[in-house]
Amino acid sequence: MCGIVGFNGYEQAAPILLEGLTKLEYRGYDSAGLAVRNDANDVELVKAKGRLRALYEKTNGGIAMQGTCGIGHTRWATHGEPNENNAHPHCSDDRNVVAVHNGIIENYKELQAKLLRHDYKFYSQTDTEIAVKLIDYYYKKYKGGPVDAIARAMMRIRGSYALAVLFKDYPNEIYTARKDSPMVIGIAGDETFMASDVPAILKYTRNVYFIGNMEIARLGKGTVEFFNIDRELIEKEPEEITWDAEAAEKGGFEHFMIKEIHEQPKAVRDTINTSVNEDGTIDLSPLGIDEEEIRKYTQIHIVACGSAYHVGMVSQYIIEDLCRIPVRVELASEFRYRNPILDPNGLVIVISQSGETADSLAALREAKSKGIPTLGIVNVIGSSIAREADHVFYTMAGPEIAVATTKAYSAQLICIYLLAIKFAEVRGTIDTEKRDQMIAELRTLPYKIERILEDKERIQWFAAKFSNAKDIFFIGRGIDYGITMEGSLKMKEVSYIHSEAYAAGELKHGTISLVEDGTLVIGSLTQKELYEKTLSNMLECKTRGAYLMGITSYGNYSIEDSADFTVYIPKTDPHFATSLAVIPLQLLGYYLSVTKGLNVDKPRNLAKSVTVE
Ligand code: F6R
């Protein structure tokens, strides 16, 4: 989604802003713009449609824009098509207020009508221009200064937003405010930086302030002050970011996606190490969940979007099987509007890499409003879901830059395994011996993933063969069905090949009519009891002309009699099979995308962090 950066210091702002926007490119965007000013000089605005390169060219890498205080934006269109006119920054007619905005203003029509009555004119199709003019209106009407004007606008605006605002009368200050859209502020000496995501400012400082929901901040040169919605000053302590800056660079790999695929052994190992003691016991005390609470759970709801939802899909099989607690998995966008029936002794688990996904955040709030304990499985420290959930389980994946998730997905699975084993142990559905076996097996996963990665050239070869595929079907049963959902999503999002994931037994209830000569059908067969059944379903496709690829464990060599191409994964506890089977599927999506010459790290129309519903 959109990205915001800001700089207030003594160096030229525009080159710093451009560099910051480059670090946010992974979020997805279709136009970009800068607003920069020097002391009392008029603010200068430059915008460009398309990639950031166009903005670099228009401003000669930022050198052509004079000023030491400024804001920048990459826009991912929501209201109005992606063009220069709709690109941010937007300003009031007299340039009294200039601002950039992330998020969506839901009542923009009502606000626009109000402003039209006060003779404001609108030149773009954006909701942002309405926010800018609303702030300008309150600034001039009440003459209470920037914080007052922004607070008044915030009380009228419905929706989600992060704003960065410049006021003509306050040349050496930037103002920012947020609701449900992230914003982080960092100070290094006499310079202040702000951004909608940490990688944009990590080069300058590790000590950052997370501005809270419905709060406003005033950024001076090397200073920051925070205000609540009542315009009262509030105190805030900085938090330290522990990632290293290189974690957000490509480090010799051609793309972030393949780098992050290779970082999965580390992400898995680091996540295991957060909660597993040397003696194999699992310690969930940092999450604040005690054994008494675990014994009480009568149901678990897992709520998430996209790949995180697919983690939920496999989780239901694992948790129900190991803990005998009923689990329901739901898309956050459905959960939030469904008036769900939640047992007060239940637990709602919200899974989110970014911790900012609008629907997941809303689902979390829905559960909290009903008084149900919530647990966030989150990768980004200090993100909204991490701050608002009753309990937080951090995935140790480090910054994930490629839009298509890989290592965060793998780390989320580990959190689920650990929760399931711990819950099962506490509730007495597994004994200590079984726990020890499972933990020992869990610790082998990083090595097993490495082993699969060593064989990546076979997948690369296979991808080259199928780069012209039009439709691909993924099938599996049980946990394998969950695995294929993620494989299919990876395929669609980065290679633009239509694919569908089907419960293997369901295909013949309609969809098999799409299978014809040469259609690629990929079966996942990691669960021993379901192996024969899924194989039969694959054969039903082969009889209708399908080309079969199978993913199964070493030892299941009978698959060679039916499948045209097989990828073997090391044997593991069946509950953990997803962690291994997903790796070849991620590689397949990646190599198909690269073979087709596509932008694998930033697929079209997608955004890394979906902060609008
Ligand atoms: C797919 C992908 C998305 C995200 C989804 C949720 O590769 O990355 O489907 O999983 O948008 O995002 P988070 O986990 O940030 O809530």
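I worked from a predicted model, in which local features need pLDDT of at least 70 and side-chain atom pairs count only at pLDDT 80 or more, while totals for chains, interfaces and linings use all residues. Residues are numbered from 1 along each chain as its sequence is written, and side-chain values use heavy atoms, with hydrogens and water left out.

I searched the whole structure for aromatic pairs and found 19, where rings of Phe, Tyr and Trp (its six-membered ring) pair if their centres lie within 6.5 Å, with planes under 30 degrees apart counting as stacked, over 60 as edge-to-face and the rest as tilted.

I looked up Phe462 and Phe565, whose ring centres are 4.2 Å apart with planes at 5°, so the pair is stacked. Phe462 is in helix α16 (residues 456-465) and Phe565 in strand β25 (residues 565-569), so this pair ties together parts 103 residues apart in sequence; helices (H or I, at least four residues) and strands (E, at least two) are DSSP runs, numbered from the N terminus.

I noted that Phe462 is buried at 0% relative accessibility and Phe565 is buried at 5%, where buried means under 20% relative accessible area, exposed over 50% and partly exposed in between (1.4 Å probe, protein chains only).

I then found Phe466 and Tyr547 as a tilted pair, 5.0 Å centre to centre with 55° between the planes. Ring pairs link Trp461, Phe462, Phe466, Tyr547 and Phe565 into a cluster.

Last, I checked charges and saw that the charged end of Arg152 sits over the ring of Tyr142, 3.6 Å from its centre (NZ of Lys or CZ of Arg within 6 Å of the ring centre and within 35 degrees of the ring normal).
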